[in-house]
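Subject: Two-chain model, for your files

Hello,

Here is the structure I said I would pass on. My notes on what turned up in it follow below.

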Amino acid sequence: MTAVLTPKDFATATPSWWCPGCGDYGVLSALKSALADLGKNPKDVAFVSGIGCSGKISGYLHSYAFHGVHGRALPVATAVKLANKELTVIAAGGDGDGYAIGAGHFIHAVRRNPDVTYIVMDNQTYGLTKGQSSPTSQTGYVTGTSPNGHPEAPMNGLVVALAAGATFLARGFSAHPKLLVELLKQAISHKGFSIVEVESPCVTYNKINTYAWFKENTFYLDETYDPTDKVAAFKMLINEGKMPLGIFYREDRATLEDLANKAATPVVKQSLNGDMKRFASIQEQYR
Amino acid sequence: MIVNSIEIMFGGQAGDGSLTTGDLIAGVFKRMGLEVYTYKDFPSRIRGGHTNYVIRAQQRENYGMADMVDCLVAFDLEAVEAHIEEMRPGGFVIFDNTSEQIPDDVRRADINWYEIPLAKIAKDELKAEIVRNTISLGVLGALIGMDPEVMHGEVAALWKRKGDKVVEMNVGAVIAGERYVKEHFAERPSGYSLTKGVDGERLLMMGNDAIAYGALVGGCRFMAGYPITPATDILEWMAKYLPQHGGVAVQAEDELSAINMTLGAAFTGARAMTATSGPGLSLMTEAIGLAGVLEIPVVIVECARAGPSTGMPTKTEQSNLNHIIFGGHGEIPKAVISPGTVEESFYFGALAFNLAEKYQMPIFLLTEQALCQSKATLPLLEFGALEIDRGKLIGHNGHSNGNGHGKVVFGEYKRFAHTDDGVSPRVIPGVEGGMHLAAGSEHNDAGVITENVKNRAKMMEKRMRKLESMREDLPKGNIFGDPSAEVAIIGWGANRGPIVEALDRLAAAGTKTRFLQMRTLWPFPEDEVRDFIKGAKHVFVVENNFTGQLDRLIRVVVGPLEYMHSVRKYNGRAFRPIEIIEPIERALSSTVLART
């Protein structure tokens, strides 16, 4: 591929299942733009998604896409990168997929730091099962599974990630495409595990965290904010006021694939055929 | 005098060194040219609790325990009390009487007792309490007339990497044991003799090591696993060797992650595996269904242990057959192969990857604690016979090893294309033109998600058709004994050893039998079983579980037989031959079948 790429190069012919007005359209569109701007070739992009409305996204991005089981996008994505470090590996899923059923993997993916970008499409609800509370739902949110108001406190995934050793943390808003494209480009370019939590409103089931609510209750970090200061990042993320958007933290740390496999050639490009006898010496220790 | 046949049990508290001592004597016996099998019967804890390690050595093929123990090396009284009933009349006990004495009610009169203050000798003579076990080796060697040079050489080799001082101390301990026997028991022979033979071109290897080794040679370059007894050895082996061969081994955060990592690496084009035991398999079951519907080649090693739940993690059982075959929601093609010896474990470790890639499905390699954590002697491995067949893989240019080369044109290429054998050409990320969605949701031949009724039926048929296409490539069972015998025995896995031995002994006593060691358990080899039992008047199915899982599968295929008997053991321990012989003799004596 020599021509300049456009977002259309990452489009599939599959019509979307999302409701009109769903925040996930903004995420998909920003991701296509980011990949095009970065000059990525669809054949070298592996895109892994979980289950839920957000998980559908893998069907709409022209790439090597993997739509697995609920909550397990990160183990799959981690292994894709380990098997072929030449690929651009992106995982995406919702707040339920990443912070509920997949929460265990989330922490360990962060800790391992593979060069994978993880997009958490946060709508504070379970959409595909028709509106139940999620790990990021606000206390009091009334749904079919919380008819008397959600009795739990919401989880702050980015704080958890920072504590677990995240090397890139950002939050965007799906209705702010330009800024979201920029966040995604920086995340994908980051060598290490990068998390972009995108506030992606559910227009059907979440009448609290609406587009209007996010516009009212968010603000962008300004130039005075230092994203290399971990303590500042903690303070910003646990701040109880309006929800901050932008890049909270970044640091350089060796990636999992570089530490686990010193060979320059990716695992999948090693030749398997050839002289079987090279393995024979191993049996000497069993003599 | 019993010559060149002995079963020794080392018993004591976990952490006492029974395992190290047993491994050492196993190595010595192998060097003496004997066939060796070891069986670990240890508790699920690191220190304390009774543990024992059985080492059997004889001249004939040897893949299991004998009926009874010939020699018990007991480091405490508990070991004697726990196992005195298992001892063969005429056998002998080596007992450390430094701090405990044998009570009269335990002291069987038909056993030779060698009570020796092992700990005291270690402390007083060798100034090292730690060498108590090594002294017992000297005692044992002297009592069974072993060549001291072989013993000293092995002991020196074992401790070589710890330095000359440690070697000297341990060889000294062996000599102290030998001297004690000469001084105190010169007039009391044990009745056993092991003569030095020739160690041919042979290996002594554990089943798990053989599986891992076979997998590496078979092209496995990625493994993700989570520590679980009795499968952990495989992950440890791979963690050592995969990086030396350009691969990666990952210790995942749980089995959910381990299997999903395995899928991710396989999707990307690496030959990938995981290894687990029952509880881990329970967690992996959902993603194995995903591998089936995504047609991703993955190898899952199941090292079965006694369940359910935590069960008895270090004990053997064959109770996961149903889970492996029938576990999971929905229906997918999968195959289950099961080795019966350490040698087969190696070749199946390699074969599993060819099957997985050729038929693009999950392949189970089913083994169990009594085999996978046992060591046995085997001939040198044949590497020339192994070939890697990646089936319809379309890989990176010049690197694919696949035979599905050719230009992939986007729009024309269909990842799940319908074919006669059900297997579609498979691309991996990085290949130009092959971009597609691999979705656990039902999809069409191009990978697009759809719930179309005709498509659903057609895709189910395509995937399941692979079970028929693969039949010829699946390992056939091994048949032993007299093919015309009226008594037929069927079993799998570690039970091969005790069944073959039972076969020979039944024949010697006048009862001819035949034995089918099944090596493919799914897709169920209906013809093989049907052909095997043709003409049999009695069919005995031998298995380590309560419900007779294989027995029931066979009944589904062959229908109820008048004389179909289920021989089951479910106490966590492997079969001894007599436990197979006796039920067969009982059943035959209560029926009209004449002994020939």
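In which loop of chain A does Gln124(A) lie? Gln124(A) sits in the loop that runs between strand E4 (116-122) and helix H5 (157-164) of chain A. The backbone there deserves a look: phi of Gln124(A) is near 60°, a positive value in a residue other than glycine. Please keep in mind throughout that this is a predicted model.

The interface

Chain B puts 67 residues into the contact and chain A puts in 50 residues. Between them the two chains bury about 5,200 Å², and 63% of that area is on carbon and sulfur atoms. As for polar links, 20 residue pairs are in polar contact across the interface of chain B and chain A, both residues of a pair being at pLDDT 80 or more. On the side of chain B that touches chain A, helix H9 (residues 255-268) of chain B gives the most, with nine residues. That side of chain B is made up of 37 nonpolar, 18 polar and 12 charged residues.

Two salt bridges are counted between chain B and chain A. One of them pairs Arg287(A) with Glu201(B), where the closest N and O atoms are 3.2 Å apart. Side chains of opposite charge can pair when their charged atoms come close.

There is also strand pairing between the chains. Strand E2 (residues 64-67) of chain A and strand E19 (residues 436-439) of chain B run parallel and are joined by four bridges. Within this pairing, Tyr64(A) stands opposite His436(B) in E19(B).

Within chain B

With helix H17 (residues 549-558) of chain B, E24(B) and E25(B) make a right-handed β-α-β unit.

Over all chains the structure holds 52 salt bridges. Among them is the pair Glu7(B) and Arg576(B), whose closest N and O atoms are 2.7 Å apart. This pair links distant parts of the chain, 569 residues apart: Glu7(B) is in strand E2 (residues 5-13) of chain B, whereas Arg576(B) is in the loop between E25 and helix H18 (578-589) of chain B.

Chain B also has cis peptide bonds to check. The bond from Thr229(B) to Pro230(B) is cis, with omega near 0°. Pro230(B) is found in the loop between strand E10 (220-225) and helix H8 (232-241) of chain B. The bond from Trp522(B) to Pro523(B) is likewise cis, with omega near -5°, and Pro523(B) has its place in the loop between strand E23 (520-522) and helix H16 (526-533) of chain B.

Regards

Key: Residues numbered from 1 in each chain as written. Chains lettered and ligands numbered in written order. Predicted model: local features only at pLDDT ≥ 70, side-chain atom pairs only at ≥ 80, totals over all residues. Heavy atoms only, no water. Contact = heavy atoms within 4.5 Å. Buried area = accessible area lost by both parts, 1.4 Å probe. Salt bridge = Lys/Arg side-chain N within 4 Å of Asp/Glu carboxyl O. Polar contact = N/O pair within 3.5 Å; in protein donor to acceptor, adjacent residues only side chain to side chain. Helix = DSSP H or I, 4+ residues; strand = E, 2+ residues; numbered from the N terminus. Nonpolar A, V, L, I, M, F, W, Y, C, P; charged D, E, K, R; others polar. Pairing = 2+ DSSP bridges. Right-handed = clockwise from strand over helix to strand, strands pointing away.
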